[in-house]
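Me: I have a two-chain model open and want to go through it with you. Can we take it piece by piece?

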Amino acid sequence: MPDGSATDRIAYSAPIGDEVKTTTCYMCACRCGIRVHLKDGRVRYIEGNPDHPVNRGVLCGKGSAGIMTHYAPARLTAPLLRVGPRGSGEFREISWEEAMETATSWLREVRERDPRRLAFFTGRDQSQSLTGFWAAQFGTPNFAAHGGFCSVNMAAGGLYTVGGSFWEFGEPDWEHARYFMMFGVAEDHDSNPMKLGIARLKARGAKVVSVNPVRTGYSAVADEWVGIRPGTDGLFIMALIHELLREGRVDDQFLIRYTNAPWLVVQNAGGADHGLFARDDQGRPLAFDRARGAIAADAADLSPLLVGEVTLPDGRRARPVFELMAARYLDPAYAPEAVADRCGIPAHRIRRLAREMASIAFDQPVELPIPWTDVWGRRHPTMLGRPVAFHAMRGISAHSNGFHTCRALHLLQMLLGAVDTPGSWRYKSPFPRPIPPGPGPAGKGSRPNTPLSGNILAFPQGPEDLLVEPDGTPIRIDHAFSWEAPLALHGMMHSVIGNAARGDPYRIEVLFLFMANMAWNSAMNPLETIRCLTARDASGEYVIPRVIYSDAYFSETVPYADLILPDTTYLERWDCISLLDRPIGSAHGPADAIRQPVVKPDRDVRPFQEVLIELGARLGLPAFVKEDGSPRYRDYADYMVHHERAPGIGPLAGWRGADGTKHGVGEPNPDQLRRYIENGCFWRHHLAPEESYFKHANRLYLENAKAMGLLGKAEQIVLQIYSEPLQKFRLAAEGHGPIQPPDHLRARLIAYCDPLPIWYEPLEQAAQGEGLQAYPFSAVTQRPMAMYHSWGSMNAWLRQIHGANKLYLSRARAEAMGIAADDWVWVESPHGRVKAQVALMEGVQPDTVWTWNAIGKRAGAWALTPDAPEATRGFLLNHVISEWLPAQAGPRLANADPITGQAAWYDLRVRIVACAPEEAGATEPRPEPLSPPPGLPPRPSILRYNAGQPR
Amino acid sequence: MTSLPEPQPGAKKLGLVIDLDTCVGCHACATNCKEWNTSGHMAPLPDHNPYSAGAEGVWFNRVHSYEAGEGEAGRTVHFPRSCLHCEQPACVTVCPTGASYKRAEDGIVLVNTDICIGCQLCAWACPYGAREFDEDAGVMKKCTLCIDRIYNETIPEAQRVPACVATCPAQARHFGDLGDPDSAVSKLVAERGGIALMPELGYAPVNRYLPPRRRAPAPDPGPPRDPGPLPSQIKNPLLRWVDKVLSR
């Protein structure tokens, strides 16, 4: 039979759509550039923008499924006011005017009485420079975004050590690295650059090593997978350090030029100055020069003593940082043999890995023929680099020992001379920043109708910067920046609702949330969180009286709010990816970006940022109104262009100045957004080759960064092996100084505020003591690549890929327990149990179980029918995670890192118990199905999406 | 049964080369294919029960992840699967109406849905599971190699590749003429030892898979370079730095 080719109608050159607009993706947090093709006003196709510095034309599985998130039937359609009890889902639709007036009246009353009674927390939000500024203008210290339960350990560990961090503030040198080791990187941050980079490394024959309890995603393509036991990465890293020191394989030159290794530390056990840096009368740290004795450590021609006790001019004794560091890690306690069992990695393998990285760093350095000038004004003919790069993420961050583990990893980088050198990990401009980057957090002295001055989320340098009352009581509702978590740089969202319900340290009036699913997968112990949201006092009033929530979708949190301010999708709004917040800069230079509306909302919804700016004006917050009290900004776009945080510095750095010729600093340019749009909705500045590396000590880079407003001073940023702020907290805990912690926290602060990285057993596990043996498995989660960090896994396409999650168990261990694939089991922790279906796996550390996070949904939510597998078979490990540490003497403490307050999701230990046969088939707990709010459209039973089809 | 075009020497054989060494299983190829094609030549790619139990749609690209080998010695493999545009496609020869056909000019296997009767014989015949039945329209659909992209003069030339290739973040997908031994894809296949899938079945698939590279060997760490005594001879390695004269 002849074929049908002759009659097949093929439109070879049909235009993709009738219009294409650039904007920035928001299907996860990576902020890739996209081109959105439209046809008849509908989204035809979303592709990566080839010109964009983040993704260079590629687009991941989530970004490519954006159409289904944009058009999801779970989109809220109008403002809602609760009319039934919380959780009932009984709302009535109201007008925006009524919604705004309701919110304004609630907030105005709070601001007039006590602004602290507003707790304003946002989730995976990318406008924290606006939301934080708004909170400070309101006058409440109770503000943060989701970093406290995400990866603040990485941010704080990095910013207090090297002045940058993994992911957002740094990246591997993909062009020159020859050895790449990643720790605890699930499938994630940052999505497309990691995938592009790993492909380049592998094409070049560089070795890729993944340290991770689970072999999926990036670990699957690594040349070597190191299946470490969760929570022991710090110990493993310290054993690598032990080996490098033992063999003398460290970069002495790098250490004495760029780190505080030669700085002198006062040795005066029991004294108020013990462990602080010896300083001259100008406050400059001292080092001991072999010829000249104790002199300022920044001398260009310093020839420092690295080991040995010295006497200072004032008679005190001191030792160099290097000696204190080396002595600690040379201790046999850190020898590979000593840590092997605990880490689950044989000693000989640790030793081999240490030798491998040393061999690449020191025997195969990269030398680029680029002359450059250091901070001392000395010209170097080339750039010599150590091509060993590291990357780390939540796997080491989400433990209660994650801050120190992260610091240990940065120490390893410093010993190898592998910070911002060719082939190593590099800063993403505008980083590095000074260490720590700025003044302490605002939040003391909150007064009615008065803004707080300064940033709410900032950088304590010592006890004087903590947000505590004279008796040590936390000032913030989440206890961030208190003695419980002195460096809680991103706040502690995970403890807000529990503390608010308990009135610890005080009751709040209004809880204002944006894009944070606290009644489900964003909470440790969601059912307890729901209990807190619905708890009533003796008079029958809710103990958290008002809950305002903004979300674009019917998430599990919607039914627990009193007032819903429906947000737009990411394709319907302006946004600003700002240098003031979380920019998209790279090692090649600073960059920022915008989102522009590419389609008009077809519902009665408004972009949250615009709503917030209008609320600011209605409340009369000084920065949001003109002198006559009228709104200062028309909308968010107007704010992005005209807001100035400091003279000449605004949300966007590109095309500033009246004629658009200035970058970084310059007066507002009314035409700025048009310039961004013409350039694909991003701005980038290219660093010259000679300012591209050694940025912490590169004179040209530092001077140019200062001129662009990226840095306050063009001074060397000395990397901090030894962290003096931590020692200051420890000294206070030992009784020194006027600002004292409560007694119940003294021992904890002394133990954990170590100025050098330490490893300790995760807090919850240590607190369980002997009881821990009943829970033999570590339990961790990851998110799958197709849903990583995405808001809206109800996406019609993505849920076909991941519609229900199973519990992954080592095949050998499962077989020994008589458990087979697809069996149902109880996952039990001391806090409760959750039922799951089992999958077996070879590539998992045998004492670890894991699952995909945030697949499980509450029945009825997200406009899925209650029979959806997300609700019947999908489960959350969150149900067996406690938000508090086991009870001990004194007030309860968050299940978190004791330095940063990072939620310790991955400290969980569980046991696996086979279900009775009649229990199989569905997950538990399975709370009552949620009722949809009014206004949701009907769900199609067949989706025939075709943007080209006339409607 | 439908006849195949007479094979011509030097004929174009457009196809994909998929690198299993760098595929991280992110599903970008699958969803980008879906979004392109649901409004493209074979539109729509319907989804049944999109918001309830039993969600199942038409996908031209699917990624399967599995493990090979045991314990740490094993590996996790992500395997993207789509039509291989065989030279001897049983899905074509089995077709009773001529709807399924192989193009002479570039080797792409297509379905003319106007004459497809939805009998699904082609799906039975294809050993690779590449056929996707659109139950809603009652016709068979499949990968077109993005025929409405690769010749599309309204798209910049560099982007005239299938959507799955353009979007792949791991750069694990390549497109070109596998009939031309000098093409970039043919050279890549030669260099990396690309393989055809189940060639023993005789359908002569055009697409090739690049096997995982040999794991990068451990770099030779060599003996310690420190000129001093061997580490084992040093009781206290700290002493190494006591008299070491260093200067900036």
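**Loops, sheets and helices**

Reply: Pro436(A) is found in the loop between β22 (425-427) and α14 (493-502) of chain A. Helices (H or I, at least four residues) and strands (E, at least two) are DSSP runs, numbered from the N terminus. This is a predicted model, in which local features need pLDDT of at least 70, side-chain atom pairs count only at pLDDT 80 or more, and totals for chains, interfaces and linings use all residues. Residues are numbered from 1 along each chain as its sequence is written, and chains are lettered from A and ligands numbered from 1 in the order in which they are written.

Me: What kind of peptide bond joins Ile435(A) and Pro436(A)?
Reply: The bond is cis, with omega about -20°.

Me: And what is omega between Glu924(A) and Pro925(A)?
Reply: Omega is about 0° there, and that peptide bond is cis. Pro925(A) sits in the loop between β34 (909-914) and β35 of chain A.

Me: Where is Phe481(A)?
Reply: Phe481(A) is in the loop between β22 and α14 of chain A. Its phi is near 60°, a positive value in a residue other than glycine.

Me: Switching to confidence: what scores does the complex get from the predictor?
Reply: The ipTM is 0.96 and the pTM is 0.97. Chain B has an average pLDDT of 92, and 92% of its residues score at least 70. pLDDT is the predictor's confidence in each residue, from 0 to 100.

Me: Which strand of chain B pairs with strand β35 of chain A?
Reply: Strand β2 (residues 47-48) of chain B pairs with strand β35 (residues 942-943) of chain A, antiparallel, over two bridges. Ile942(A) is opposite His48(B) in β2(B). Two strands pair if DSSP finds at least two bridges between them.

Me: Back to chain A alone. What is the order of the sheet with β1?
Reply: The order is β1-β2-β3 in chain A, an open sheet of three strands with antiparallel pairing. β1 (19-24) and β3 (42-48) of chain A are at the edges with a single partner strand each, so one side of each has no neighbour in the sheet. The twist averages 30° from one strand to the next.

Me: How many bridges join β1(A) and β2 of chain A?
Reply: Six bridges, in the antiparallel sense, with β2 covering residues 33-39 of chain A. Thr24(A) stands opposite Gly33(A) in β2(A).

Me: Now helix packing. At what angle do α7 and α11(A) pack?
Reply: Helix α7 (residues 233-246) of chain A packs with α11(A) at about 60°, the axes being 9 Å apart. That makes α7(A) oblique to α11(A). Axes are lines fitted to C-alpha atoms, for helices over the stretch in contact, and angles run from 0 to 180 degrees between N-to-C directions. Angles under 35 degrees count as roughly parallel, over 145 as roughly antiparallel, 65 to 115 as roughly perpendicular and the rest as oblique.

Me: Which residues meet in the pairing of α7(A) with α11(A)?
Reply: Among them are Phe236(A), Leu240(A) and Leu244(A) from α7(A), and Ile350(A), Leu353(A) and Ala358(A) from α11(A). That contact divides into eight nonpolar, no polar and two charged residues.

Me: How does α7(A) pack with helix α10 of chain A?
Reply: The angle is about 160° and the axes are 9 Å apart, with α10 covering residues 336-343 of chain A. The two helices, α7(A) and α10(A), are therefore roughly antiparallel.

Conventions: Contact = placed C-beta atoms within 7 Å. Nonpolar A, V, L, I, M, F, W, Y, C, P; charged D, E, K, R; others polar.
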